[in-house]
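Reader: Hi! I'm new to this one. Could you walk me through it?

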Amino acid sequence: MRDVDRLRGWPVTLNEGPVGLRPLRLSDVRVWRETRLRNADWLRPWEPSNPETPLFRTGLGPYISMVGTLRREARQGLALPWVVTYDGRFAGQLTVGAIVWGSARSAQVGYWVDGALAGKGITPTALAMAVDHCFFTTGLHRLEANIRPENQASRRVVEKLGFREEGIRRRQLHIDGAWRDHICYALTVEDVPGGLLVQWRRARESAAHGGSPVEEV
């Protein structure tokens with residue numbers, strides 16, 4: 001039986017300046033595939049070995065299947081699959097998945113952005129918007145991001161947003177030909193009582209006025 005809370009706040013489009021999040025659409029298939037093919041070397045070291053989301057297949061079938069799966073999970077309250085946009089154009093993907101309700105109300109978040117757009121602060125801004133929506137609209141309590149230790153860019157995203165490091169998950173996912181360790185980072189709603197996006201805005205404004213520099217990712 002569906003829980004009303006599972007449907008709260010979805011579908012939704014969020015915006016902060018030029019950065020946006022909107023639901024993944026079937027019509028995104030071609031640009032999604034083209035962007036991932038162009039970014040194959042950029043993404044390969046961090047991508048799970050999953051036949052549903054291949055990097056190099058030229059057919060559209062697997063991509064259409066992936067979109068269908070994510071949209072079905074969204075209807076079931078198990079995922080929030082967003083496209084990341086920049087100035088209204090496709091820039092990447094952010095998915096809140098593995099949602100568990102009941103006494104846990106937790107989920108995992110994953111993201112990727114076109115390497116050509118790296119350094120513009122897109123990823124932390126998108127992640128901050130997603131966290132706030134999940135905590136204050138959807139009703140989740142805890143979000144995790146599991147990141148390979150070698151993925152310094154992705155680690156900087158969560159660290160600058162205040163995710164705490166909770167330890168190593170040994171051989172958690174099969175990535176780039178082998179089972180890889182991941183560092184678990186997490187936030188709970190108590191960690192961001194005023195909202196994560198507000199904190200991120202303040203950090204960027206402080207840096208712009210001579211405070212501690214914020215490295216854009």
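**The pocket, the core and the salt bridges**

Author: Happy to! In this predicted model, the lining of the largest pocket has 22 nonpolar, 16 polar and 7 charged residues.

Reader: Which residues lie nearest the centre of that pocket?

Author: Those are Glu47, Pro48, Gly110, Tyr111 and Trp112, out of 45 lining residues. Strand 5 (residues 106–113) supplies the largest share of the lining, with 6 residues.

Reader: And what volume does the largest pocket have?

Author: About 1400 Å³.

Reader: Okay, new topic. How many residues are in the largest nonpolar core?

Author: That core has 43 residues, and Leu21, Trp82, Leu94, Val96, Leu127 and Phe163 have the most contacts inside it. Helix 5 (residues 122–138) gives the most to this core, 9 residues. There is also a second, separate core of 11 residues, with Val29, Trp32, Leu70 and Val83 among them.

Reader: Back to Leu127: what is it in contact with, leaving aside neighbours within four places in sequence?

Author: Its contacts are Leu94, Val109, Tyr111, Val157, Val158, Leu161 and Phe163.

Reader: Nice. How many salt bridges does the whole structure have?

Author: A search finds 12. One of them joins the side chains of Glu16 and Arg201, at 2.8 Å from N to O. Glu16 is in strand 1 (residues 14–16) and Arg201 in helix 7 (residues 196–208), so this pair ties together parts 185 residues apart in sequence.

Reader: Is Arg201 buried or partly exposed?

Author: Partly exposed, because its relative accessibility is 34%, while buried would mean under 20%.

Reader: Which residues are linked in a salt-bridge network?

Author: Arg142, Glu144, Arg164, Glu166, Arg169 and Asp191. Within it, Glu166 and Arg164 meet at 2.9 Å, N to O.

Methods
Residues numbered from 1 in each chain as written. Predicted model: local features only at pLDDT ≥ 70, side-chain atom pairs only at ≥ 80, totals over all residues. Heavy atoms only, no water. Core = buried A, V, L, I, M, F, W, Y, C linked by side-chain atoms within 4.5 Å. Buried < 20%, exposed > 50% of the residue type's maximum accessible area, 1.4 Å probe, protein only. Helix = DSSP H or I, 4+ residues; strand = E, 2+ residues; numbered from the N terminus. Contact = heavy atoms within 4.5 Å. 1 Å grid on protein atoms, 1.4 Å probe; cavity = no way out; pocket = protein on both sides within 12 Å on 5 of 7 lines; lining within 4 Å. Points joined across faces, edges and corners; volume = space filled by probe spheres on them. Nonpolar A, V, L, I, M, F, W, Y, C, P; charged D, E, K, R; others polar. Salt bridge = Lys/Arg side-chain N within 4 Å of Asp/Glu carboxyl O.
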